[in-house]
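User: I am new to this structure. Please walk me through how to read its features.

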Amino acid sequence: MISNDLENRIIAYLDKHSSEMVELLQNLIRINTVSPYCGDSNPRPAEEKGQLFLQKELEKEGFTTNISPIPDDVFKDVNMITPSGRHYSNRKNLQGRLNFGENGYTVI
């Protein structure tokens, strides 16, 4: 459970930075990130444009980032229902990592 003090600090931060967050989301929404399974016939899926935008934003905040290919067999060994016939060639996954120091948390 989150403490009242921490909750109040989070709310104060969100209030102080709300216009920045709205602007960030507006800029992201303006980017065409349509996937090949939602109508994008481009061999380099448009979702990459959104990933590159977010990568820059994460790095500004101190995250280390990596964009890596998604293997076609990504769901092979997991007990997950997925649409059949989908392939992931030319598609990427963005990872961001923020480490809060030796005794702190890591956010991925």
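User: Which residue follows helix 3, and is its phi positive or negative?

Analyst: Gly62 follows helix 3, and its phi is positive, near 95 degrees. Some ground rules come next. This is a predicted model, where local features need pLDDT of at least 70, side-chain atom pairs count only at pLDDT 80 or more, and totals for chains, interfaces and linings use all residues. Residues are numbered from 1 along each chain as its sequence is written, and side-chain values use heavy atoms, with hydrogens and water left out.

User: How many helices and strands does the protein chain have?

Analyst: Helices (H or I, at least four residues) and strands (E, at least two) are DSSP runs, numbered from the N terminus. Here the protein chain has 3 helices and 3 strands. Along the sequence the pattern is α-α-α-β-β-β.

User: At what angle do helix 2 and helix 3 pack?

Analyst: Axes are lines fitted to C-alpha atoms, for helices over the stretch in contact, and angles run from 0 to 180 degrees between N-to-C directions. Angles under 35 degrees count as roughly parallel, over 145 as roughly antiparallel, 65 to 115 as roughly perpendicular and the rest as oblique. Helix 2 (residues 18-29) packs on helix 3 (residues 47-60) at about 155 degrees, with the axes 10 Å apart. The two helices are therefore roughly antiparallel.

User: Which residues of helix 3 are buried?

Analyst: Buried means under 20% relative accessible area, exposed over 50%, and partly exposed in between (1.4 Å probe, protein chains only). In helix 3 the buried residues are Glu47, Glu48, Gly50, Gln51, Phe53 and Gln55. They pack against helix 2, strand 1 (64-69) and strand 2 (92-99). Across the protein chain, 17% of the 108 residues count as buried.

User: In what order do the strands form the sheet?

Analyst: Strands of a sheet pair through backbone hydrogen bonds, either parallel or antiparallel. Two strands pair if DSSP finds at least two bridges between them. Here the open sheet has the order 1-2-3, with antiparallel pairing. Strand 1 and strand 3 (106-107) are the edges, each pairing on one side only. Helix 3 packs on the sheet, touching strand 1 and strand 2, and its direction makes about 10 degrees with that of strand 2.

User: How many bridges join strand 1 to strand 2?

Analyst: There are 6 bridges between these antiparallel strands. Thr64 stands opposite Arg97 in strand 2. Strand 2 and strand 3 pair over 2 bridges. There, Asn99 stands opposite Thr106, and Leu98 stands opposite Val107. These two strands form a hairpin with 6 residues between them, and Gly101 in the turn has a positive phi of about 100 degrees.

User: Where is Thr33 found, and what does it contact beyond its neighbours within four places in sequence?

Analyst: Thr33 lies in the loop between helix 2 and helix 3. Its relative accessibility is 38%, so Thr33 counts as partly exposed. Leaving aside neighbours within four places in sequence, Thr33 contacts Ala46, Glu47 and Gly50. Thr33 and Lys49 are 16 residues apart in sequence, with their C-alpha atoms 6.7 Å apart.

Technical notes. Contact = heavy atoms within 4.5 Å.
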